[in-house]
Amino acid sequence: MQGLPPRQTRTTLDIYVVDVEGGNATLFVTPAGESLLIDTGNYGPQVSLRDASRIMEAVRDARLTQIDHLITTHWHGDHFGGMGELAKMIPIKHFIDHGPNQQPAPMR
């Protein structure tokens, strides 16, 4: 990926909590340089780009060239909203989600 520095040598687990204003986005980078991003912030014409850009600030700080694993915890707009914009900015190797939303079965 052009413009990103090479991965840095690490000795720690680095955790980046990204402010996406009400949603969630947390980036973990292992000592081996493998990355896991949980959620991508808000959905909307301007906010999805804003949140993806904020995540990219953490990605650049971590000197990543790709997101190895992206977990979407659930399908609320404040948790998956920046995914499309982020995928335009950096390769995402594996997408993980819980599947479609379902109503819980009534208790008997």
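Phe 80 counts as partly exposed, at 25% relative accessibility. The model is predicted.

**Aromatic rings**

Two aromatic pairs occur in the structure. One of them joins Trp 75 and Phe 80 edge-to-face. Trp 75 is partly exposed, with 29% relative accessible area. Tyr 43 also belongs here: ring pairs link Tyr 43, Trp 75 and Phe 80 into a cluster.

**A buried histidine**

His 79 sits in helix α2, which spans residues 77-80. Is His 79 buried or exposed? His 79 is buried, because its relative accessible area of 10% falls under the 20% limit. Leaving aside residues up to four places away in sequence, His 79 touches Asn 24, Asp 39, Thr 40, Gly 41, Thr 73 and His 74.

**A nonpolar patch**

Which residues make the nonpolar surface patch of about 320 Å²? Leu 13, Ile 15 and Val 17 do. Val 17 lies in strand β1, residues 14-17. Val 17 is exposed, at 70% relative accessible area.

**Accessibility by residue**

| Residue | Relative accessible area | Class |
|---|---|---|
| Val 17 | 70% | exposed |
| Trp 75 | 29% | partly exposed |
| Phe 80 | 25% | partly exposed |
| His 79 | 10% | buried |

Methods. Residues numbered from 1 in each chain as written. Predicted model: local features only at pLDDT ≥ 70, side-chain atom pairs only at ≥ 80, totals over all residues. Heavy atoms only, no water. Patch = residues over 30% accessible without salt bridge, like charges linked within 9 Å, V, L, I, M, F, W, Y side chains within 5 Å. Areas by Shrake-Rupley, 256 points an atom, 1.4 Å probe, with all protein chains shown as cover. Salt bridge = Lys/Arg side-chain N within 4 Å of Asp/Glu carboxyl O. Helix = DSSP H or I, 4+ residues; strand = E, 2+ residues; numbered from the N terminus. Buried < 20%, exposed > 50% of the residue type's maximum accessible area, 1.4 Å probe, protein only. Phe/Tyr/Trp six-rings, centres within 6.5 Å; stacked < 30°, edge-to-face > 60°. Contact = heavy atoms within 4.5 Å.
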